[in-house]
Amino acid sequence: MIAEEVQVSVGTVHNVIQNNLKYRKTCARWVPRQLTDAHKESRLSISQDLKQRSLIEGDVFFERIVTSDEVWIHHYNPETKRQSMEWKHTSSPVRKKFKVQPSAGKVMLTIFWDLQGPVHCDFLEDQRTINSQYYSEMLEHKVRPAIRSKRRGLLSKGVILQHDNARTHIAQLTRDKHQELGWEVLPHPAYSPDLAPSDFYLFGPLKDALRGKRFANNEEVKEAVQKWLRGKSKEFFAKGIRKLQERWDKCITVGGDYVEK
């Protein structure tokens, strides 16, 4: 349309738009929710407070953080289109790939981890989901003993639990358990997976590593997850926890809006 209007070639118009004016055609970015002004103010305020605290307390602050989250792991999750790409010659036959949905069989993974690595992994089977009773009992009878045995001295220093605002995490029963255990819970703004380490750092690579693999049962799923976690270095997990400060910085810079990758 522009080429016809100004009576120049399409190539010239394309060159001016792309190279001179620096315009690009891009796809919209998917976000969890359209943030209101109140949501942005909450994200901005919490990010500012946590960044300031991290600067005051230094690395000791990050050493006390234990982050947790849940994710479904399917018996089979198909590869993405990008993952299935392969080198082909112009004379090679076209490869067809049929659209496949994730399998119905799945296990819910709940992971607690810090800058040294996994603290505790829980696998909930039979298509069940976590409620506050289950989560509270897990904190007391599984996570606390795991911290005592794997992170000597952390209980006396004081655990700082970082998790999102899922109903299970903010239920009164869960809050009572936090108080009983003497654990601090970091404030987390609503609809903010971009500020949760498991969401913005851990679960993506884990799911990518398992895509295209078929597991016959829940035990194979659990073994694959544990093997992948064991294969990651302490530096990998430390980077994920310390990226929180970078995320808070970015959230402040964009005025509380969603943080780009």
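**Entry 1: the whole chain.** I note first that this is a predicted model. I counted up the secondary structure and got 11 helices and 5 strands. The chain has 261 residues, and 40% of them count as buried. I also checked the contacts with a separation of 6 or more: 74% of them are between residues 24 or more positions apart.

**Entry 2: α9 against α11.** I looked at how helix α9 (residues 197-210) sits relative to helix α11 (residues 234-253). Their axes come within 9 Å and cross at roughly 145 degrees. I have the crossing down as right-handed. From α9, the residues in contact are Pro 197, Phe 200, Tyr 201 and Leu 202. Across from them in α11 I listed Phe 236, Phe 237, Lys 239, Gly 240, Lys 243, Leu 244 and Arg 247. Sorted by type, this contact has 7 nonpolar, 1 polar and 3 charged residues.

**Entry 3: aromatic rings.** How many aromatic pairs are there? I get 8. I went through two of them.

Phe 62 and Trp 248 have ring centres 6.3 Å apart and planes at 20 degrees; planes under 30 degrees apart count as stacked, so this pair does. Phe 62 is in helix α4 (residues 59-63) and Trp 248 in helix α11, 186 residues apart, so I wrote this down as a link between distant parts of the chain. Both Phe 62 and Trp 248 are buried.

Next I took Phe 112 and Tyr 135. The centres of these rings are 6.1 Å apart with the planes at 25 degrees, so I call this pair stacked too. This pair also links distant parts of the chain: Phe 112 belongs to strand β2 (residues 106-114), Tyr 135 to helix α5 (residues 132-150), and 23 residues separate them. Phe 112 is buried at 0% relative accessible area, and Tyr 135 is buried at 0% as well.

I also found one aromatic cluster made of Trp 113, Tyr 201, Trp 228, Phe 236 and Phe 237. Tyr 201, Phe 236 and Phe 237 were already on my list for the α9 and α11 contact.

**Entry 4: Gly 255.** Is Gly 255 buried, exposed or partly exposed? Its relative accessibility is 36%, so I put Gly 255 down as partly exposed. Gly 255 is in the segment after α11. Leaving aside neighbours within four places in sequence, I find Gly 255 in contact with Lys 40 and Leu 44.

How values were computed. Residues are numbered from 1 along each chain as its sequence is written. This is a predicted model: local features need pLDDT of at least 70, side-chain atom pairs count only at pLDDT 80 or more; totals for chains, interfaces and linings use all residues. Side-chain values use heavy atoms; hydrogens and water are left out. Helices (H or I, at least four residues) and strands (E, at least two) are DSSP runs, numbered from the N terminus. Buried means under 20% relative accessible area, exposed over 50%, partly exposed in between (1.4 Å probe, protein chains only). Contact means heavy atoms within 4.5 Å. Axes are lines fitted to C-alpha atoms, for helices over the stretch in contact, and angles run from 0 to 180 degrees between N-to-C directions. A crossing is left-handed if the near helix is turned anticlockwise from the far one by less than a right angle, and right-handed if clockwise. Ala, Val, Leu, Ile, Met, Phe, Trp, Tyr, Cys and Pro count as nonpolar, Asp, Glu, Lys and Arg as charged, and the others, Gly among them, as polar. Rings of Phe, Tyr and Trp (its six-membered ring) pair if their centres lie within 6.5 Å; planes under 30 degrees apart count as stacked, over 60 as edge-to-face and the rest as tilted.
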